[in-house]
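Subject: Handover of a structure

Dear colleague,

Please find below the structure that I am handing over to you. My findings follow directly after it.

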Amino acid sequence: MLETVRLIAVDVDGTITYQEPYVHLGALKSLRSLGKRVPIALVTGNPYPIAYALSVYLRLHDQILGVAENGAVVYIGERDIVMGNREIMKSVKEFLRKKGYDKYLSEDSKFRYVDIALRMKLEDQERLRKDLLEEGLEVELTTSGYAIHIHPKGTDKGSGLLRLCKELDIDCRETIAIGDSHNDLSMFSVVGLSIALPNAPPEVKRRADFVVGGPGYGYSLPLALKIVKKLIPV
C-alpha cells in the first residue's frame with residue numbers, strides 16, 4: 001500500500017465522461033474536492049489542445065498538469081514537452097494517404113501534434129497493422145476504446161507520466177492512476193496503485209490493483225476516488 005500520494009493520474013474518455021463527450025458532473029465534483037489535497041493530472045489520448053483546454057476549464061488543481069496524445073505531449077502550466085518523433089509521424093500520414101486509410105481519420109485529427117487517431121472496424125485495424133509492419137514504420141498501435149491510435153515507438157501513457165513526474169520531482173510510485181482502457185495499462189505499470197472502472201475490458205481489470213463497482217464510466221469515478229481519499233492524510 002502507498003505510504004505517500006503525491007499525484008493522481010486520471011484518464012478522460014470513459015473515466016470522467018459517461019457518454020462521449022459529456023463530463024459526468026458528479027465525477028467532476030469529486031475530482032475538484034480531491035484536487036484541494038493533491039495534484040491531479042489528466043492523462044489522455046485526446047489531442048494536446050483539447051486536453052490542455054480541459055485541464056484549464058475543469059480546474060482540478062491550482063497547477064495545470066497533463067499528458068496528451070497517449071504520452072506524446074506532456075504539459076505543465078503553459079510549458080509543453082513534445083515526446084514523440086514528429087518526423088516519423090509525417091511519414092505515417094503520407095502512408096495513410098497513399099493507402100486510403102485517411103478516410104478513417106478521426107474528426108479531431110487536425111488538432112493533433114503527434115499521435116494519429118482513426119475510427120475503423122476490427123478487420124481494417126488488422127490490415128492497417130500488417131501494412132505498417134510491411135512499410136517498416138517504427139510506430140505502435142493502441143486502442144482507447146474510442147479510436148485506434150498510431151504513435152511513435154516508446155511513447156505511451158506510461159512514458160508520458162514518467163516524464164511528467166520527473167519534471168515535478170515526484171517518484172512515479174507515489175502516483176495513483178485511474179483508467180478504463182487498454183491504453184491505460186502502460187501508466188498502470190509505472191505507478192504505485194492502479195484503479196480500473198467496471199467498464200474496463202477484462203485484461204485491464206486483471207492488471208489493476210483495484211476494480212470499483214457501480215454502473216461504470218464517470219458514474220463510478222467517485223467510488224474510485226473514495227479509495228484514493230483513504231490514502232491521503234486530511
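This is a predicted model: local features need pLDDT of at least 70, side-chain atom pairs count only at pLDDT 80 or more; totals for chains, interfaces and linings use all residues.

Residues are numbered from 1 along each chain as its sequence is written, and side-chain values use heavy atoms, with hydrogens and water left out.

A pocket is an open set of points on a 1 Å grid over the protein atoms alone, where a 1.4 Å probe fits and protein lies on both sides within 12 Å along at least five of seven lines; lining residues have an atom within 4 Å of a point. The volume of the largest pocket is about 370 Å³, counted as the space filled by probe spheres set on the points. Its lining consists of 26 residues, and Asp13, Glu20, Asn46, Ile50 and Asp108 lie nearest the centre. By class, eight of the lining residues are nonpolar, nine polar and nine charged. Here Asp, Glu, Lys and Arg count as charged, Ala, Val, Leu, Ile, Met, Phe, Trp, Tyr, Cys and Pro as nonpolar, and the others, Gly among them, as polar.

The aromatic rings deserve a separate paragraph. Rings of Phe, Tyr and Trp (its six-membered ring) pair if their centres lie within 6.5 Å; planes under 30 degrees apart count as stacked, over 60 as edge-to-face and the rest as tilted. This rule gives eight aromatic pairs. In one of them, which is tilted, Tyr48 and Tyr75 are 5.6 Å apart centre to centre, with 40° between the planes. This pair links distant parts of the chain, since Tyr48 belongs to helix H2 and Tyr75 to strand E6 (residues 73–76), 27 residues apart; helices (H or I, at least four residues) and strands (E, at least two) are DSSP runs, numbered from the N terminus. Tyr48 and Tyr113 form an edge-to-face pair, because their ring centres are 5.1 Å apart and their planes stand at 90°. Tyr48 is buried, with a relative accessible area of 7%, whereas Tyr113 is partly exposed at 31%. Buried means under 20% relative accessible area, exposed over 50%, and partly exposed in between (1.4 Å probe, protein chains only). Ring pairs join Tyr48, Tyr52, Tyr75 and Tyr113 into a cluster.

Yours sincerely
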